[in-house]
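Hi there,

Here is the structure I promised to pass along. Have a look at it first, and then read on for what turned up.

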Amino acid sequence: LAFSIYGKHTRTWLNDYGAEWRNEVQLGFDNQFSSSLYQPLDVTQRFFVEPRLFLFSNWEDIFIDGDRVAKYRFDDLGGDLDVGVNIGTRGQLRAGYVYSHRQTAVETGPRLLPEEAHNDAGVSFRATYDSRDTPFNATSGLAAALEYTRSDESLGADRDWERIEAGVGMAVPVFRRDVVWVTLAGGSDLDLGLPPDRQFMIGGPGSFPGYELGELRAGSYWTASGSYL
C-alpha cells in the first residue's frame, strides 16, 4: 500500500478570457509540486495554452525474484508548455514541449541502477475523455486517456527514448443498480528501449494485484480487469 495527501488550488477568471492559475501539492509515497497558468485563446475557451513548472520526488523499490533489495529516489525538476483544444465538456487534446532534469540516487541497498543525472527533453501529446456520471464508483460512462512522450537529443535531451501509455475504463450496467467496471490499459517503449529509470513501474492493486507495489519494471505491458459493484 501507498499513501499520499493531495491538495489543489485554482484561482479563476484572471482575465476576460477566463485564465486560471493552477497549483497542485502532493506529499507521501509520491511527492509533487506544480504551478501552471491556463490561458484560453478565445472567449469560448476552445483553444488554450498552458505553461507549467514542476518538481517531482518519489521513491521506488527494486525487486529481484520477488525480493525487495533496494530503494531508489528519483527527482525531476522542469517544466512544459502545452497548446490544446477542448472538445465539448468531455474531451481534451494537448501537445507541447517538456523538459526535465532527472536525478537518480540509491537510498538503501546495492547500486543496481546507475546513479546519474540526465536531461530529458522533447515532445509530448495527451488525449483525455471522461463521460462518467461521477469520478468515484461511476454507474455510467467511461474514462480514457492516452499519453505519448519522446525525448530527443535534437530538442535538448542527452538521451533518446519514447513511450506511449493508454487506458480506458467503462461502467457497464447489468441489472437493478449493479454495475460491472471494466478496465483495459497498456504501455510500450515502441521497440526503442527505455532507460532503466523511465521503465513502466507496475504491480499492486491498481495494475497487477498478485505483485508487490511497483515490483515489476518493464518496457511494455498490458492488463485487463473487471470489478462488480
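Let me start with one residue and its surroundings. Leaving out residues up to four places away in sequence, Thr104 touches Tyr72, Arg73, Phe74, Pro114, Glu115, Glu116 and Asp197. Please keep in mind that this is a predicted model. Thr104 sits in strand S6, which covers residues 91–108. Is Thr104 buried or exposed? Its relative accessibility is 4%, so Thr104 counts as buried. Asp75 is 29 residues from Thr104 in sequence, yet the two are 6.7 Å apart in space, C-alpha to C-alpha.

Setting aside neighbours within four places in sequence, Phe74 is in contact with Phe56, Ser57, Asn58, Glu60, Arg102, Gln103, Thr104, Leu113, Asp197 and Arg217.

Phe74 also belongs to the largest nonpolar core, whose six residues are Ile62, Ala70, Tyr72, Phe74, Val106 and Leu113. Strand S5 (residues 67–87) supplies the largest share of this core, with three residues. Another core lies apart from it and has five residues, including Trp161, Leu194, Phe200 and Ile202. As background, nonpolar side chains in soluble globular proteins tend to be buried together.

Now for the rings. How many aromatic pairs does a search of the whole structure find? The search finds four. One of them is Phe54 with Phe56, a stacked pair at 4.9 Å centre to centre with 10° between the planes. Phe54 has 5% relative accessibility and so counts as buried, whereas Phe56 is partly exposed, at 24% relative accessible area. Tyr72 and Phe74 form an aromatic pair as well, also stacked, with 6.4 Å between centres and 25° between planes. Tyr72 and Phe74 are both buried.

A charged side chain meets a ring elsewhere: Arg22 lies over the face of Tyr38, 4.1 Å from the ring centre.

Finally, take a look at Ile87, which is found in strand S5. Why is Ile87 not counted as buried? Its relative accessible area is 44%, while buried means under 20%, so Ile87 is classed as partly exposed. Not counting residues up to four places away in sequence, Ile87 touches Gln92 and Leu93. Between Ile87 and Gly214 there are 34 Å in space, C-alpha to C-alpha, and the two are 127 residues apart in sequence.

Definitions and conventions: Residues numbered from 1 in each chain as written. Predicted model: local features only at pLDDT ≥ 70, side-chain atom pairs only at ≥ 80, totals over all residues. Heavy atoms only, no water. Core = buried A, V, L, I, M, F, W, Y, C linked by side-chain atoms within 4.5 Å. Buried < 20%, exposed > 50% of the residue type's maximum accessible area, 1.4 Å probe, protein only. Helix = DSSP H or I, 4+ residues; strand = E, 2+ residues; numbered from the N terminus. Contact = heavy atoms within 4.5 Å. Phe/Tyr/Trp six-rings, centres within 6.5 Å; stacked < 30°, edge-to-face > 60°. Lys NZ or Arg CZ within 6 Å of the ring centre and 35° of its normal.
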